[in-house]
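Dear colleague,

Please find the structure below. My notes on its strands and aromatic pairs follow.

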Amino acid sequence: TPMVSFTLGWSSFNSAVVSCIVSGTLVTGVIFFNWWQQRRYHLSVEDHLLRFILLLPGLQIAIYWIAYMNGIVLYAFGDIGWINLPIFRFDASWFVVALAIFVILMRRTLADRRTQQRLAQELEAARQVQNLLVSGGQSAAEDLEISTAYLPDQEVGGDFYYVLDGRVVVLGDVSGKGLKAAMLVSLLIGVLRDTTQRRPAAVLDALNRAIAGQVDGGFVTCVCARFETDGNATFANAGHLPPYLDGAEINLDANFPLGVTREIRYSETTVRISPESVVTLVSDGVVEAMNARRELFGFDRTREISTSSAGKIVEAARAWGQSDDITVVTVR
């Protein structure tokens, strides 16, 4: 009997040692994996802790089966009324695990909320600055009436317009959306403010030289118009939608958008403008407005309302279904 008891005790001791070794190996492996991830991705202490906690169920199952194969039962049966349930002897630790996960997730949620609030404030500041930049050049000559309307799809947009000396109107659209497009708009407005050029082709050349090779695969479509006192209007186009004159498209050479190559030289087209006529420049946000049935606002509807005020055109496109920045400039 003493020999049998000693053998059983020694067997239990060996099983416990094996279980400890295997469990320790698993824990060491988890720690090493986290350390390797830290070097690769610069994880925080919370990242390590959360990863380790999420691996605990697998570790618990491994410990149970290792112990079971060595004759150690880690489950005890407890009575809950008339129900017998297997309860893991380490289950009390799961309260600590759940509490740790809750604390980590709450900390991250609060940190994310603070980050979102900060980004929202920065976007609002960027929106205000962009509005100031764009609205800084709206004055018209005495014989012209210029109406503008601008509705970005997000807090800041990639559309822009500007008026030089009351007679030169520029409207453009930066590819892409968000802050990256808005920063490029700021650069373009700065170029327009500084340039001494007033011929439409020369204005587009100045803008193109300023951003060529700096748009990271993007581009900028742009149209420029100069209205003379004798009733003539000169246009230059850089891949933008053609303007409308009294409800009809003005036939212009499209040319390459801005930023594609420095080598391009933009051509000009002169058109006679009658008194009381209206010239309308729009961004593609008007034409590409899409309703719930996925129908585009389209060129026909744009042409039909092109003699309306800028605000009315923008509102019609917005009501149809805005999917991009919408900008309209009308000149009477």
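Seven bridges join β5 to strand β6 (residues 220-227), and the two run antiparallel; strands pair if DSSP finds at least two bridges between them. Within this pairing, Val168 has Arg226 of β6 as its bridge partner. The model is predicted, so that local features need pLDDT of at least 70 and side-chain atom pairs pLDDT 80 or more, while totals for chains, interfaces and linings use all residues. Residues are numbered from 1 along each chain as its sequence is written, and side-chain values use heavy atoms, with hydrogens and water left out.

Strand β4 (residues 159-164) is also antiparallel to β5, joined by six bridges; here Asp159 is partnered with Asp173. The two strands form a hairpin with three residues between them, and Asp165 in the turn has a positive phi of about 55 degrees. Helices (H or I, at least four residues) and strands (E, at least two) are DSSP runs, numbered from the N terminus.

Seven of the seven residues of β5 (residues 168-174) are buried, that is, under 20% relative accessible area, with exposed over 50% and partly exposed in between (1.4 Å probe, protein chains only). Val168, Val170, Gly172 and Val174 point one way, and Val169, Leu171 and Asp173 the other.

The structure holds two aromatic pairs (ring centres within 6.5 Å, using the six-membered ring of Trp; planes under 30 degrees apart are stacked, over 60 edge-to-face, the rest tilted). Phe227 and Phe235 are edge-to-face, 6.3 Å centre to centre with 80 degrees between the planes, and both are buried.

Yours sincerely
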